[in-house]
Amino acid sequence: MGDLAMAAGMVLAAFLVAFSALAFMQAWATRHPARAPSIFEPTPNQIAFLFNGERLIDATASARVILPEGEDQRAWGRLMARFGADFPNLTERLAALPRLGQIQISSQPGTSPPLVLKAEHLSGLTRLTINGGQSDLPQNQTDAATSAALHQEVMAQRAVLSRSPVLMWKEAADGSVIWANHAYLIRAVELLPDGEDLSWPLPRLFDQTAANSGRVPRLKLQMPSGPEWFDLVRMPQGDEALCYAMAADKAVQAETALREFMQTLTKTFADLPIGLAIFDRSRCLQMFNPSLADLTTLPPELLIARPTLNAFLDAMRARAMIPEPRDYRSWRKQLARLEEEAAMGIFEETWSLPGGQTYRVIGRPHPNGALAFMFEDISNEMSQTRRYRADVELGQSVIDAVEDAVAVFSQGGQLVMSNHAYAQLWQHDPQVLLSEASITTLCAWWREHAAPTLLWDDAIDFATSGDDRSPWEGDVRLLDGRLVSCRFRPLTGGATLISFRVQGTMGLTPVRDPSHLDMLSA
């Protein structure tokens, strides 16, 4: 019985230990749940993808190498772009996969190494497998498809660098060129002396001092076909540096054309007799010509200092080169109005200065809020205008003093002037509306106030004819019975002078019926 009890105790102890171990494992499993294994773990070196539509669900470790980290949402597009050049009509053939269930595509001839893509449609999911003709590879070797993808990427990058029009090269710490792209090598070969081949290290095309100046330098490379301009950019990379030279020929040509245009413009402004002042949007003087200093009497050093518009006008006022208002407040209001109207493009004034000069001032807006002011001395023009006006007034006074009625017509038959005696004789003043006073309209008026006669038709022909003309005379009888002697005389420039002199009434009373005048004239 003792032995039996001892055996029962040992069985019970073993059972308790086993139960405790099982409870411990369950507690550990509860706190540390196991990671769900990948469905591709049995073949970790195989390139395989599992998609739900275009969303990546799972992939092998070798497949993960091909896609960037965190690109599951765009993995399908990335995969089509990566292998689209290797497999013919890849996208179109995969579109038929749900209908076919399974397809196998071989890579393009010449692909190294040759690849095989196997696609399967399983329960709504798409499984893609890529290998180099065998399903599994040794653990310590890289999959053939991964190597092909990396090889393709390297070749694509080499093609981009070799065909880039931008000059690219890499410099060591001592400044020697340790790598260069095709565009750089072409120019290096063209600059080699005759009979010399390209050797290591590669020749330098640009000065290192300019490249290290801290800004983007623009350097000229004198090629056999002509000069070429480049903008240099140098980017340090550890002890080495990546350098780029971007073509700047068009920029140099544009700057040269702009500079030549500005020089031509400056020479043109310098020869202008009109003073020109251009103010920027902040109303500071940016450009002026020598005539501005002559017309405003402002010293050149003041103009070179780029004064504001208010300071510029204040300096002109101090030199009595602006019409003086009654008080300073109205002067400031005038300045504000000048700037406002010039910005709207409607400012134009004639300034009569205290010194006797007369200036025409025009303000015009320019793009970006700039203002341009032009100062023109029109003193001679105003003097000639005043002189001409005085001469006209004098001539009018002279013919007004003549007792005979006088009317002067231009070459085209338009009334130029008439005197006071004419207005009294014909009971109207045609100078009120000179634009409507022609020989034709006035002859019509004369017909209405005189007996019928053909003299007025001859008068129209004489005033409008451009042929050689001789003076002639004729008489007409007015409706009031007066006899008027008409004289027609040619003047210089095709003008015509017509004078009317009353001969008398012959003791007759005014006649109302024009038909009676035929008897009187007979």
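Modeller: Helices (H or I, at least four residues) and strands (E, at least two) are DSSP runs, numbered from the N terminus. This is a predicted model, with residues numbered from 1 along each chain as its sequence is written. Local features need pLDDT of at least 70 and side-chain atom pairs 80 or more, while totals for chains, interfaces and linings use all residues; side-chain values use heavy atoms, leaving out hydrogens and water.

Biologist: What does the side chain of Asn419 reach?

Modeller: Look for a polar contact: a pair of N or O atoms within 3.5 Å, where, within protein, one must be able to donate a hydrogen and the other to accept it, and residues adjacent in sequence count only if both atoms are side-chain atoms. Here the Asn419 side chain gets to the backbone oxygen of Asp404 at 2.8 Å. For plain contacts (heavy atoms within 4.5 Å), skip residues up to four places away in sequence, and Asn419 still touches several, including Gln396, Val402 and Gln431.

Biologist: Now the helices. Which residues of H17 are buried?

Modeller: In helix H17 (residues 455-464), they're Leu455, Trp456, Ala459, Ile460, Phe462 and Ala463. Down the H17 axis they fall within an arc of 165 degrees (taken from the directions from the axis to the C-beta atoms), so they line one face.

Biologist: Which residues touch the most other members of the largest nonpolar core?

Modeller: A nonpolar core is a set of buried Ala, Val, Leu, Ile, Met, Phe, Trp, Tyr and Cys residues joined through side-chain atoms within 4.5 Å. The largest one has 27 residues, and Trp446, Trp456 and Phe500 touch the most other members. H17 gives the largest share of this core, six residues. Beyond four places in sequence, contacts of Trp456 include Trp426, Cys443, Trp446 and Phe500. Apart from this core lies another, of 25 residues, with Ala277 and Phe347 among them.

Biologist: In what order do the five strands of the open sheet run?

Modeller: Strands pair if DSSP finds at least two bridges between them. The order is S12-S11-S15-S14-S13, with antiparallel pairing. Strands S12 (285-288) and S13 (347-352) are the edges, each pairing on one side only. Three bridges join S11 (residues 275-279) to S12, and Ala277 stands opposite Phe288 in S12.

Conventions:
Buried means under 20% relative accessible area, exposed over 50%, partly exposed in between (1.4 Å probe, protein chains only).
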